[in-house]
Amino acid sequence: MIRVAAMGDIHLGTESRGMLRPSLANIADHADVLLVAGDLTHVGDPTEAEIVAEELAGHDVPVIAVLGNHDHQSDAAEKVTLILEGAGVTMLDGTAIEVDTESGPLGVAGTKGFGGGFPPAMAAGFGEPEMRAFVATSNREADALQDALESLRCETRVALTHYAPVVDTLAGERPEIYAFLGSIALAEAIDEGSASLAIHGHAHLGAASGATPGGVPVMNVAQPVIRAPYTVVGLEDGKVVSLQGPDHG
Amino acid sequence: MNSESSAPEYVERRLTQAVAEHHGLGELEVDFRVEGEVIVVSGNLASEEHRATLHEVIAEVCPGYEVQDLTGLAKPPGERS
């Protein structure tokens, strides 16, 4: 069984040095890989990224991450990415990676994602250029995720995003803001890309688990939701076989 | 998206997107609900011409679906209360 540890929305700031690292000390005993679903920093400042890099570097499992909206706030996303990559973190942005684990290959396709909404309340690409750009960004992120998933050759594939692909895991958030928390376009990419599992963050008040219309399990691993350093999902033959987290026993 | 899938949510998304992006139609008060092979469309349209165009868009985006049209025509500005 491939064991995937996941967490999101760790929001580390300059005051956070040393706060995460101890909880990851024995992660190799529990997982084969660690996925981080965005919002690694408070405001995307490179100084914060240095702290994140210190916390995530040198663990005994590969660490794979996507950025979140917070990581873009300082218009330094490229620098943040470089700092994290310098610490050995694989940063995905419409890209994918295959990891060899003792239980077989694991593919991870990742992108930040974006808003856009869910039926019956979806943003329409009409009117002002800014509104059309909003929808175009949402579609571009979803297309990139699907392309990344389809580039993977292994059977067990995980889609990693910051934004949510389904409303199931937004339950608890105000419905009025669903369109800013995720997009149904991501779910379609996940289904079309034959993912085994989808992992996201962003929805701090949301629910822990759900599924795409095509039946792919979806997990919201935002820290306030999982209420633990990370949650662990077991995958075998391209299927989720176990969930270990506060809402899964 | 890169390919066509048929979950109702995805069909509704494609229709919403196609209508929004149809140059010259400009109809945003249209809702789609997909029930099996039937597309139920509701809302208010500006004219019969727009209704005909809407049906053309649906047929182009979702060929083979039956359309149940529950749309009405919006009153001209001078008749609105």
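In the predicted model, helix 1 and helix 2 of chain A pack with their axes 9 Å apart, at an angle of about 20°. Angles under 35 degrees count as roughly parallel, and helix 1 of chain A is therefore roughly parallel to helix 2 of chain A. The crossing of these two helices is right-handed. Helix 1 of chain A contributes A:Pro46, A:Ala49, A:Glu50, A:Val52 and A:Ala53 to the contact, and helix 2 of chain A contributes A:Lys79, A:Val80, A:Ile83, A:Leu84 and A:Gly86. Sorted by class, this contact between helix 1 and helix 2 of chain A has seven nonpolar, two charged and one polar residues.

Helix 2 of chain A spans residues 77–86, and A:Val80, A:Ile83 and A:Leu84 are buried in it. Seen down the axis of helix 2 of chain A, the buried residues fall within an arc of 95°, so they line one face of the helix. On the other side of helix 2 of chain A, A:Glu78 and A:Gly86 are exposed. The cover over the buried residues of helix 2 of chain A includes helix 1 (46–56), strand 3 (63–66) and strand 4 (90–91) of chain A. After helix 2 of chain A comes A:Gly88, which has a positive phi, near 95°.

A second pair of helices in chain A consists of helix 3 (residues 129–150) and helix 5 (residues 184–192), whose axes come within 8 Å and cross at roughly 15°. Because of this angle, helix 3 of chain A is roughly parallel to helix 5 of chain A. The crossing of helix 3 and helix 5 of chain A is right-handed. On helix 3 of chain A, the contact is made by A:Ser138, A:Asn139, A:Ala142, A:Leu145, A:Gln146 and A:Leu149, and on helix 5 of chain A by A:Ala185, A:Leu186, A:Glu188, A:Ala189 and A:Glu192. By class, six nonpolar, three polar and two charged residues make up the contact of helix 3 with helix 5 of chain A.

Chain A also touches chain B. The contact between the chains takes 18 residues from chain A and 15 residues from chain B. On the side of chain B that touches chain A, helix 1 (residues 8–21) of chain B supplies the largest share, eight residues. That side of chain B has five nonpolar, five polar and five charged residues.

How values were computed: Residues numbered from 1 in each chain as written. Chains lettered and ligands numbered in written order. Predicted model: local features only at pLDDT ≥ 70, side-chain atom pairs only at ≥ 80, totals over all residues. Contact = placed C-beta atoms within 7 Å. Helix = DSSP H or I, 4+ residues; strand = E, 2+ residues; numbered from the N terminus. Nonpolar A, V, L, I, M, F, W, Y, C, P; charged D, E, K, R; others polar. Axes fitted to C-alpha atoms, helices over the stretch in contact; angles between N-to-C directions. Parallel < 35°, antiparallel > 145°, perpendicular 65-115°, else oblique. Left-handed = near helix turned anticlockwise from the far one by under 90°. Buried ≥ 20, exposed ≤ 12 C-beta atoms within 10 Å, placed from the backbone. Arc of directions from axis to C-beta.
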